[in-house]
Amino acid sequence: MNQHTTPIDNTHNELLHSITVRPVSQNDQANWDTLMRQHHYLGFHSLVGESIRYVAESQGQWLALIGWAAAALKCTVRDKWIGWPPFLKSQRLKLIANNSRFLILPQIHVPNLASRILSLNLKRLSQDWTKVYGHPIWLVETFVDPRFFKGVCYKAAGWIFLGHSTGFARSSQGYLLHNKPKMVFVRSLNAQVQKQLNNLNLTIQLRKETKPMKLSLKDAEFLDELLQQIPEHRMPRGVRHRKRSILAISICAIICNAWSFAAIAEWAKRCPQNMLKRLSCRYNTKTKRYEPPSEPTIRRFLQQVDAEAVDKVLSRWFQSVGDKSLPIAVDGKTLCGARQPDGKQVHLLAAFLHKQGIVLAQTQVDCKTNEIPMVPVLFDDLDIKDRVVTFDALHAQKETARYLVEDKKAEYIFTVKDNQKTIKQAI
């Protein structure tokens, strides 16, 4: 049995009063994920969007696990209860958190434990969220499957039952009908939350401000030349906006903190005519103005474009603008919210510049392997002669060192930890 899940010998009242709820540390996250995957009836892959994992414990022993994630994009009964219009919903959704996982560990049987843990968790949730993500949480929601649960612990903790969901689930292919409506519960963490979420004069900054860009003619021509190398996936008939125009607008808008299709389209609308001209936008002979692509056009194009080809083109562009004297760091990251067709998360290995943070290249790590054999794939198209490359302890491997020094004529710095006793002793 796991050391965190041993039964606790204590009376019920003493146990309830001794409980503490805290975010899990980085060292405990793997154990949290494993327990949730093993014991929750839905299993576990990841938490979507902004998220925090919590553990409820007593005397150092784990009792329960709680996972908070981004709110559901669509929930008819919730949105009707709040009463907000779509344009406010898109702006304020970050003020809602979803209790996507709640697990009382299987050997723990204590009356009123679940509602006590929820109450303690909600007392600190908004403050913790502000520390991590820079904004509070005003409303929490959860979806309960009535085939297995009645939501008693949520009712006991003061949550409001709003009704049932429509029986759809979001997937990488869109929304799929499963005909298993869930019970929808919400709880306010802020006074007059409905009024506040509809307040047009809300001053809380929920996202980075989207900024304009000054793109020189020389840079525009160089970017245009690179983007022409990306294959066109659309049929010629009916195409109104150039491939390179949509890509150039998307790249520039993302650099300026536009992080959604709608934000990219809004950024393009605010561009002056000379900027739209440099971005190769369509010229309307009737209005005698350059016109940017719409949000649906941008969304459809980016969802179907050859992502690997775009990545290679951007890599060449970033290499041209990056400081060639800076060392290169290599690190792997799991993408938040991105899924492969089999439902598994996307993991990337990236090479980026110290200080500047410019990503020179990245490659996807297949679920059947790990980061180590992907290093040659990452650097194959990069000229790193006489550059210093830094790695974490995972990559302290003889073959990686040989590849960098002999094949790429580069230098390396590895991190060595206690699990490599021989080399650490030699150092």
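Biologist: Which residues make H8 and H9 meet?
Modeller: Leu 223, Asp 224 and Leu 227 of H8 meet Lys 243, Arg 244, Leu 247, Ala 248, Ile 251 and Cys 252 of H9, where contact means heavy atoms within 4.5 Å. By class, this contact of H8 with H9 holds six nonpolar, no polar and three charged residues; Ala, Val, Leu, Ile, Met, Phe, Trp, Tyr, Cys and Pro count as nonpolar, Asp, Glu, Lys and Arg as charged, and the others, Gly among them, as polar. This is a predicted model, in which local features need pLDDT of at least 70 and side-chain atom pairs count only at pLDDT 80 or more, while totals for chains, interfaces and linings use all residues. Residues are numbered from 1 along each chain as its sequence is written, and side-chain values use heavy atoms, with hydrogens and water left out.

Biologist: Why are H8 and H9 called oblique to each other?
Modeller: The axes of helix H8 (residues 217–227) and helix H9 (residues 243–255) cross at roughly 120° and come within 10 Å. Angles under 35 degrees count as roughly parallel, over 145 as roughly antiparallel, 65 to 115 as roughly perpendicular and the rest as oblique, and therefore H8 and H9 are oblique. H8 passes H9 in a right-handed crossing.

Biologist: What makes the space lined by Ala 220 and Arg 278 a cavity?
Modeller: On a 1 Å grid over the protein atoms alone, a cavity is a set of points where a 1.4 Å probe fits but cannot get out, whereas a pocket is an open set with protein on both sides within 12 Å along at least five of seven lines; lining residues have an atom within 4 Å of a point. By this rule the count comes to one cavity of 30 Å³ or more, and the largest cavity has a volume of about 40 Å³. Ala 220, Leu 223, Asp 224, Arg 244, Ala 248, Arg 278, Leu 279 and Ser 280 line the largest cavity. The elements that give two or more residues to this lining are H8 and H9, and H8 gives the most, with three residues. Four of the lining residues of the largest cavity are nonpolar, one is polar and three are charged.

Biologist: How do you know how H9 and H12 are oriented to each other?
Modeller: H9 and H12 pack at an angle of about 95°, with their axes 10 Å apart, and therefore they are roughly perpendicular to each other. Lys 243, Ile 246, Leu 247 and Ser 250 in H9 meet Thr 297, Ile 298, Phe 301 and Leu 302 in H12, a contact that divides into five nonpolar, two polar and one charged residue.

Biologist: What makes the packing of H10 with H12 oblique?
Modeller: Helix H10 (residues 261–269) and helix H12 (residues 295–304) pack at an angle of about 125°, with their axes 9 Å apart, and that angle makes H10 oblique to H12. The contact is made by Phe 261, Ala 262, Ile 264 and Ala 265 of H10 with Glu 295, Ile 298, Arg 299, Leu 302 and Gln 303 of H12; its residues divide into six nonpolar, one polar and two charged.

Biologist: Which residues lie nearest the centre of the second largest pocket?
Modeller: Gln 29, Asp 33, Thr 334, Gln 345 and His 347 lie nearest that centre, among the 28 residues that line the pocket. The lining of the second largest pocket divides into seven nonpolar, 13 polar and eight charged residues, and its largest share, five residues, comes from H2.

Notes. Axes are lines fitted to C-alpha atoms, for helices over the stretch in contact, and angles run from 0 to 180 degrees between N-to-C directions. Helices (H or I, at least four residues) and strands (E, at least two) are DSSP runs, numbered from the N terminus. A crossing is left-handed if the near helix is turned anticlockwise from the far one by less than a right angle, and right-handed if clockwise. Grid points are joined across faces, edges and corners, and a volume is the space filled by probe spheres set on the points.
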